[in-house]
Amino acid sequence: QSKGADNKTVLSALLNFARELNTPFIARSNSLVPSFAKRSAMKRLNLFLRWMVRSDAVDPGGWTGVNPSDLLIPLDTHMHKISLSLGFTKRKQSDIKTVIEITDALRQISPNDPIKYDFVLTRFGIRNELNREDLIGVVSGV
């Protein structure tokens with residue numbers, strides 16, 4: 001079941017948090033805090049939440065007030081390319097709409113923890129010895 005932007009995810013909390021942090025810097029640019037007005041994918045904040053909410057060999061966890069099912073994918077160039085290749089999105093922009101679309105696609109695979117595959121999928125774009133085409137062949141059964 002798709003949650004989308006209007007349903008329960010961390011999106012509204014992220015937007016409010018970023019808005020509050022950006023308020024003192026309205027007259028100047030602040031590159032450390034994402035701006036939803038600039039269509040940011042909010043990668044750093046989503047990555048931070050992944051680290052703090054999920055608890056496994058990659059993510060230390062510790063926060064129990066947020067459900068892993070409510071997290072959004074921390075979208076970077078590697079995850080975007082993999083998601084395009086796997087058909088999780090057709091969007092060419094790396095923005096918050098793309099984050100929601102990819103997260104919704106992953107939610108179809110793992111409703112309780114849609115971003116649990118983030119770490120492994122992004123490795124195919126980061127690590128030279130891993131081939132993205134091999135991954136796509138495995139997923140598609142080729």
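Accessible areas come from the Shrake-Rupley method with a 1.4 Å probe. The model is predicted, and the accessible surface of its chain comes to about 8,500 Å². Carbon and sulfur atoms account for 55% of that surface.

**Chain overview**
- The chain has six helices and zero strands, so its elements run α-α-α-α-α-α from the N terminus on.
- Of the 142 residues in the chain, 42% are buried.
- Among contacts between residues at least 6 apart in sequence, 57% join residues at least 24 apart.

**Helices α3 and α5**
- The axes of α3 (residues 77-86) and α5 (residues 118-126) come within 8 Å and cross at roughly 100°.
- Angles of 65 to 115 degrees count as roughly perpendicular, which means that α3 is roughly perpendicular to α5.
- On the α3 side, the contact is made by His 78, Met 79, Ile 82 and Leu 86.
- On the α5 side, Asp 118, Leu 121, Thr 122, Phe 124, Gly 125 and Ile 126 take part.
- The residues of this contact comprise six nonpolar, three polar and one charged.

**Nonpolar core**
- The largest nonpolar core has 28 residues, and those touching the most other members are Ile 73, Leu 75, Met 79, Phe 88, Val 99, Ile 102 and Leu 121.
- Helices α1 (11-22), α2 (43-53), α3, α4 (96-109) and α5 each supply at least two residues of this core.
- The most comes from α4, which gives six residues.
- Leaving aside residues up to four places away in sequence, Ile 73 touches Asn 46, Met 79, Val 99, Ile 102, Thr 103, Leu 106, Ile 115 and Asp 118.

How values were computed: Residues are numbered from 1 along each chain as its sequence is written. This is a predicted model: local features need pLDDT of at least 70, side-chain atom pairs count only at pLDDT 80 or more; totals for chains, interfaces and linings use all residues. Side-chain values use heavy atoms; hydrogens and water are left out. Axes are lines fitted to C-alpha atoms, for helices over the stretch in contact, and angles run from 0 to 180 degrees between N-to-C directions. Helices (H or I, at least four residues) and strands (E, at least two) are DSSP runs, numbered from the N terminus. Angles under 35 degrees count as roughly parallel, over 145 as roughly antiparallel, 65 to 115 as roughly perpendicular and the rest as oblique. Contact means heavy atoms within 4.5 Å. Ala, Val, Leu, Ile, Met, Phe, Trp, Tyr, Cys and Pro count as nonpolar, Asp, Glu, Lys and Arg as charged, and the others, Gly among them, as polar. A nonpolar core is a set of buried Ala, Val, Leu, Ile, Met, Phe, Trp, Tyr and Cys residues joined through side-chain atoms within 4.5 Å. Buried means under 20% relative accessible area, exposed over 50%, partly exposed in between (1.4 Å probe, protein chains only).
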